[in-house]
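These are my notebook entries on one protein model, written down in the order in which I looked things up. I begin with the terms, and then go from the whole chain to its parts.

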Amino acid sequence: MSSTILITGGTLIDGTGVTPVDNDGILLANGVIVALGDQAMKQASPEATVIDATDKTVMPGLIDSHLHCTFDDVQSNDQLFFHRDPTLVALVAAQNLQKVLRSGVTSFVDPDTLHGVGPSLRDALDAGVIEGPRMKTGVQALLTAAGGTAGPLIPDEGTVGYAQVVNSVDDVILWTRRHIKQGADWIKIHATGSTPTHRGEFLVWSANELKAACDTAHALDVRVMSHCRNSESVRAAAEAGVDLILHASFMDEIALDAVVRSGAALCPTFTFLANLADFGASVGASPGMEDVFRNEISATAKMMREAYDAGVTLICGSESGFALTPYGHWHGREMELFVNELGISPLQAITTATKNGAWAMGMEDELGTIEVGKLADVLVVDGDPIQDIKILNNRAKLSEVISRGNRVDLDRPWPDHGRIPNWQIGSWAATSLTWERAYGASS
Ligand SMILES: [Zn+2]
């Protein structure tokens with residue numbers, strides 16, 4: 001049961017991109033926004049819970065459109081593919097989803113899930129079995145035998161972790177249909193991968209395979225997203241009919257043109273790269289990658305800005321779920337990066353995580369803006385994100401998270417779990433015990 005809530009005072013950022021205004025009243029009842037302004041004040045019953053937002057900002061709940069809720073802040077691909085029991089994956093995800101919600105994310109899109117548990121998690125959330133944001137999800141990512149970012153850990157065929165290997169147009173059609181039957185909201189393609197002899201990720205799908213996934217999914221009314229980390233893959237994905245392109249790294253003018261013509265949306269997901277570049281050393285990330293990732297951000301941001309100016313829909317996603325992007329800590333950083341790297345305004349950046357996120361959820365008519373009839377996912381933020389966009393990436397600045405019409409208890413202890421057997425990779429030693437290390441170089 002959702003309660004009746006009246007939010008008074010403060011500044012309203014409604015998520016549509018219009019200039020913020022004074023909040024004259026927002027009335028929430030039965031999980032929806034039922035009235036605004038004078039009407040909200042008039043219609044509110046005496047029993048309504050009143051939230052005074054004076055000197056604060058009222059805005060739609062954030063939508064994180066690139067989040068891996070089953071990865072549990074994973075440290076390595078080996079862990080991800082070979083150390084995760086399916087039952088534990090679902091149970092641990094349920095706990096992590098509380099963290100996501102408590103950081104102001106009231107909806108998210110998960111491209112691919114370990115053991116394909118995404119649809120079950122989504123249904124458990126919607127039925128109130130577990131607490132967390134609204135979810136839209138893929139089952140597993142489709143990869144070719146050439147692999148993806150996990151290289152040779154991907155088998156030649158079959159299923160492992162978040163991956164489903166497809167090796168022909170027929171395979172693509174079969175698995176697209178199977179995932180949709182299992183409840184996929186999105187089909188996820190891993191269009192680029194890395195091989196030992198090739199520098200950087202490159203396209204590992206044929207045009208026919210890409211098109212088969214798009215045509216099959218679209219015929220069943222499901223959209224397709226693709227991981228694309230070079231220019232050629234962005235162009236090929238756009239031409240095949242992919243609806244949402246993740247990363248879109250190093251786009252050139254030809255790729256950009258294909259994106260503009262196709263109407264695909266872009267979700268650059270700079271946060272993971274920026275965290276590694278800025279803070280990787282402090283958590284012992286593989287050294288030497290800082291400049292590589294900085295360069296990827298600046299090269300990609302320039303073209304992303306051109307795409308934005310050409311009217312391409314920009315989507316906000318954090319890639320939370322890795323040790324470099326733990327749940328509950330980084331969901332708002334992408335907006336700051338959009339402001340700093342693309343040069344768009346804080347208000348425009350907020351729209352990528354509200355109105356545009358609702359598009360990624362397939363819920364544009366229900367989510368993403370503060371309007372009468374929309375679902376009651378609302379934040380009250382202590383401060384002004386237009387003056388300082390960084391506050392949206394600081395949980396301490398959240399004074400209210402209202403999800404599905406209910407206030408989320410932000411005062412409970414932060415959920416966390418202890419050691420789970422076999423969850424992490426054990427190692428015999430951090431380095432080799434050479435004779436010199438044992439006895440000293442001069443002995
Ligand atoms: Zn991802």
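**Entry 1: terms and ground rules.** Before looking at any helix I noted that the expected span of a helix is 1.5 Å times one less than its number of residues. Helices (H or I, at least four residues) and strands (E, at least two) are DSSP runs, numbered from the N terminus. I am working with a predicted model, in which local features need pLDDT of at least 70 and side-chain atom pairs count only at pLDDT 80 or more, while totals for chains, interfaces and linings use all residues. Residues are numbered from 1 along each chain as its sequence is written, and side-chain values use heavy atoms, with hydrogens and water left out.

**Entry 2: the whole protein.** I looked up the secondary structure and found 14 helices and 22 strands. The radius of gyration, taken over C-alpha atoms, is to be compared with the globule rule, 2.2 Å times the number of residues to the power 0.38. For this protein the radius is 22 Å, close to the 22 Å that the rule gives for 443 residues, so the protein is as compact as a globular protein of that length. Along its principal axes the C-alpha trace spans about 80 × 60 × 40 Å. I then looked up burial, where buried means under 20% relative accessible area, exposed over 50%, and partly exposed in between (1.4 Å probe, protein chains only). Buried residues make up 55% of the 443 residues. Taking contact to mean heavy atoms within 4.5 Å, I noted that, among contacts between residues at least 6 apart in sequence, 69% join residues at least 24 apart.

**Entry 3: the zinc ion.** Which residues hold the protein donors of the zinc ion? Donors are N, O and S atoms within 2.8 Å of the metal (3.2 Å for Na, K and Ca), and water is not among the atoms, so sites may look incomplete. The protein donors are His66 (NE2), His68 (NE2) and Glu319 (OE), which lie 1.8 to 2.1 Å from the ion. Their spacing in sequence is H-x1-H-x250-E.

**Entry 4: helix H6.** For the 13 residues of helix H6 (residues 207–219), 1.5 Å a residue should give a span of 18 Å, and the end C-alpha atoms are 18 Å apart, which agrees. Its buried residues are Glu209, Leu210, Ala212, Ala213, Cys214, Thr216 and Ala217. Among the elements that cover them are helix H5 (169–181), strand S17 (223–228) and helix H7 (231–240). After H6 comes Asp221, with a positive phi near 65 degrees.

**Entry 5: helices H10 and H9.** The 20 residues of H10 should span 28 Å, and the end C-alpha atoms are 29 Å apart, which agrees. The buried residues of H10 include Phe293, Ile297, Met303 and Met304. They pack against S18, H8, strand S19 (265–267), helix H9 (270–279) and H11. Is H9 itself enclosed or open? I found that 8 of its 10 residues are buried, so H9 is largely enclosed by the rest of the structure. What covers those buried residues includes H10 and H11.

**Entry 6: the cores.** A nonpolar core is a set of buried Ala, Val, Leu, Ile, Met, Phe, Trp, Tyr and Cys residues joined through side-chain atoms within 4.5 Å. The largest has 104 residues, and those with the most contacts inside it include Tyr162, Trp205, Val259 and Met335. Leaving aside its neighbours within four places in sequence, Val259 is in contact with Val234, Ala238, Ile245, Met251, Ala264, Leu266 and Val312. Another core, of 15 residues, lies apart from the largest one, and Ile63, Val109, Leu246 and Leu375 are among its members.

Entry 7: Leu392, in the loop between strand S20 (378–381) and strand S21 (398–403), is buried, with a relative accessible area of 8%. By contrast, Asn30 counts as exposed at 64% relative accessibility, and its phi is positive, near 55 degrees, though it is a residue other than glycine.
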